[in-house]
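Colleague: I would like to learn how to read a structure feature by feature, with the general idea given before the particular case. Could we go through one together?

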Amino acid sequence: MTTEKQEELKKLLVSTDFKEDSYKELPIQEIIILKNSAKAVKEKNENDEKAHLFFEKREEFFNHMVLRYLQKAETVYALFAKATNLPYVHCDEETCNDQIWMFTDERFAAKSAKELVDKKMEITIVKLMNPQFLGFYMSLYSMGVNELLLDRGFNSLGIELETLVSKPDYEKLPPEKRPAVNPELVLTGIYFTQELRRQVENSEKTGLKDLEEEMLVNLERGRFIMPVQLPEGVKPEDKPNPKDIRITFLKMANGDIFQPLCTDTAEFQKFNKDKQFQGILVTYEKLQKMLVPNAKGLVLNPATLRLAIPKEKIVS
């Protein structure tokens with residue numbers, strides 16, 4: 001950054017102009033610099049009430065500008081893990097926030113992708129267009145993600161998901177109408193699968209045992225969607241006779257049979273893209289009873305995680 005540009009940003013930092021139009025031509029990276037600078041100056045002046053309050057307002061203003069960008073931009077970029085077919089998720093070492101990495105420029109994304117590839121993770125860069133933004137941001141709730149890290153690197157910014165899009169409140173719905181959602185299970189499943197499928201020797205993979213134990217605890221607490229086939233004209237809400245429910249199977253490469261299980265409606269729709277199945281809501285207790293004798297276990301979210309869970313880890 002040139003000295004001239006640095007001086008320009010210093011003037012904008014201390015400006016009393018809070019009109020969005022005055023800043024709309026600035027690159028988003030410069031808005032992030034201004035936001036982070038305002039935070040630093042605010043903290044430096046914690047004993048000066050007037051200065052502290054002014055830079056607090058400046059920080060809030062620039063943060064608002066970033067949020068507007070994430071709503072209005074034509075494109076953004078996100079890192080996806082081939083291991084899960086989902087956004088790559090990282091647990092921040094300092095805050096413990098569960099974050100995805102998003103970028104305003106594909107070059108920035110490529111740099112972080114290379115770092116992960118060097119750690120033997122298979123990563124793709126996904127370009128998201130504006131009409132996809134809202135659905136993408138909302139989908140992060142079902143994954144247990146609570147933060148977006150924008151432009152990871154020297155001038156990065158962590159953004160709480162709830163400041164960008166409102167979290168769905170299913171508690172207002174009657175219990176029988178609440179959808180199946182299992183963010184804690186999906187999150188631990190993502191961390192487990194990302195590490196499990198990292199292209200290194202098993203001895204180099206870390207935390208798998210703890211993640212698996214946490215994942216199985218979350219499985220016991222969940223409500224799920226099981227893909228099945230029902231007689232023509234019969235819907236899941238009709239409470240079909242168990243004898244009329246045809247269990248769906250997945251055949252693995254070695255010939256083993258597993259039953260698919262989806263953590264939420266979006267995962268069921270991804271699996272059921274050809275509209276062959278209907279989904280019935282099952283608790284963990286009911287799930288145990290629906291495991292058929294010749295099945296080796298479950299495949300959790302077969303369209304994304306594709307995580308096989310052996311029967312012996314499910315049936316008590």
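Modeller: Let us begin with a charged pair: Glu171 and Arg178 form a salt bridge, and their closest N and O atoms are 3.8 Å apart. Please keep in mind throughout that this is a predicted model.

Colleague: How does the accessibility of Glu171 count, as buried or exposed?

Modeller: Glu171 has a relative accessible area of 60%, and because the cut-off for exposed is over 50%, Glu171 is exposed. Arg178, with a relative accessible area of 25%, is partly exposed.

Colleague: How many salt bridges are there in the whole structure?

Modeller: A search of the whole structure gives 13 salt bridges. One of them joins Asp105 to Arg107, with 2.9 Å between the closest N and O atoms; Asp105 counts as partly exposed at 22% relative accessibility, while Arg107 counts as exposed at 61%. There is also a network of salt bridges that links Lys5, Glu8 and Glu30.

Colleague: Which helix holds both Asp118 and Lys114?

Modeller: Both residues belong to helix 4, residues 106-118, where they lie 4 residues apart, about one turn of the helix.

Colleague: Before we look at a strand, how should I picture the chain as a whole?

Modeller: The protein chain has 10 helices and 14 strands, and its C-alpha atoms fill a box of roughly 75 × 45 × 35 Å along the principal axes. Of its 316 residues, 44% are buried. The accessible surface comes to about 18200 Å², and carbon and sulfur atoms account for 49% of that surface. Among the contacts with a separation of 6 or more, 69% are between residues 24 or more positions apart.

Colleague: In what ways can the strands of a sheet pair?

Modeller: Strands of a sheet pair through backbone hydrogen bonds, and the pairing is either parallel or antiparallel. In this model, strand 4 (residues 98-103) and strand 6 run parallel and are joined by 4 bridges, with Gln99 standing opposite Glu147 of strand 6. Strand 6 also pairs with strand 7 (residues 157-160), here in the antiparallel sense and over 4 bridges, and in that pairing Ile159 of strand 7 is the bridge partner of Leu148. The hairpin of strand 6 and strand 7 has 6 residues between the strands, and Asp151 takes a positive phi near 55° there.

Colleague: Which residues of strand 6 are buried on its two faces?

Modeller: Glu147 and Leu149 are buried on one side, and Leu148 and Leu150 are buried on the other, which leaves both faces of strand 6 covered.

Colleague: What is the nearest side chain of opposite charge to Glu147, and how far away is it?

Modeller: That side chain is Lys39, and it is 9.0 Å away; Glu147 is therefore without a salt bridge, since such a bridge needs the nitrogen and oxygen atoms within 4 Å, although Glu147 is buried. The Glu147 side chain does make a polar contact of 2.5 Å with the side chain of Gln99. Leaving aside neighbours within four places in sequence, Glu147 is in contact with several residues, including Asn97, Ile100, Gly158 and Leu161.

Colleague: Now to another sheet: in what order do the strands of the open sheet of 3 strands stand?

Modeller: The order is 9-8-12, with antiparallel pairing. Strand 9 (246-247) and strand 12 (278-283) stand at the edges, and because each has a single partner strand, one side of each is left without a neighbour in the sheet. Strand 8 (residues 223-229) is joined to strand 9 by 2 bridges, and Ile247 in strand 9 is the bridge partner of Val228.

Colleague: Which residues does Met290 touch, not counting those up to four places away in sequence?

Modeller: Met290 touches Met226, Ile247, Gln259, Ile280 and Val282. Met290 lies in the loop between helix 10 (284-289) and strand 13 (297-300), and at 14% relative accessibility it counts as buried, because the cut-off is under 20%.

Note on methods: Residues numbered from 1 in each chain as written. Predicted model: local features only at pLDDT ≥ 70, side-chain atom pairs only at ≥ 80, totals over all residues. Heavy atoms only, no water. Buried < 20%, exposed > 50% of the residue type's maximum accessible area, 1.4 Å probe, protein only. Lys, Arg positive; Asp, Glu negative; His and termini not counted. Polar contact = N/O pair within 3.5 Å; in protein donor to acceptor, adjacent residues only side chain to side chain. Contact = heavy atoms within 4.5 Å. Pairing = 2+ DSSP bridges. Areas by Shrake-Rupley, 256 points an atom, 1.4 Å probe, with all protein chains shown as cover.
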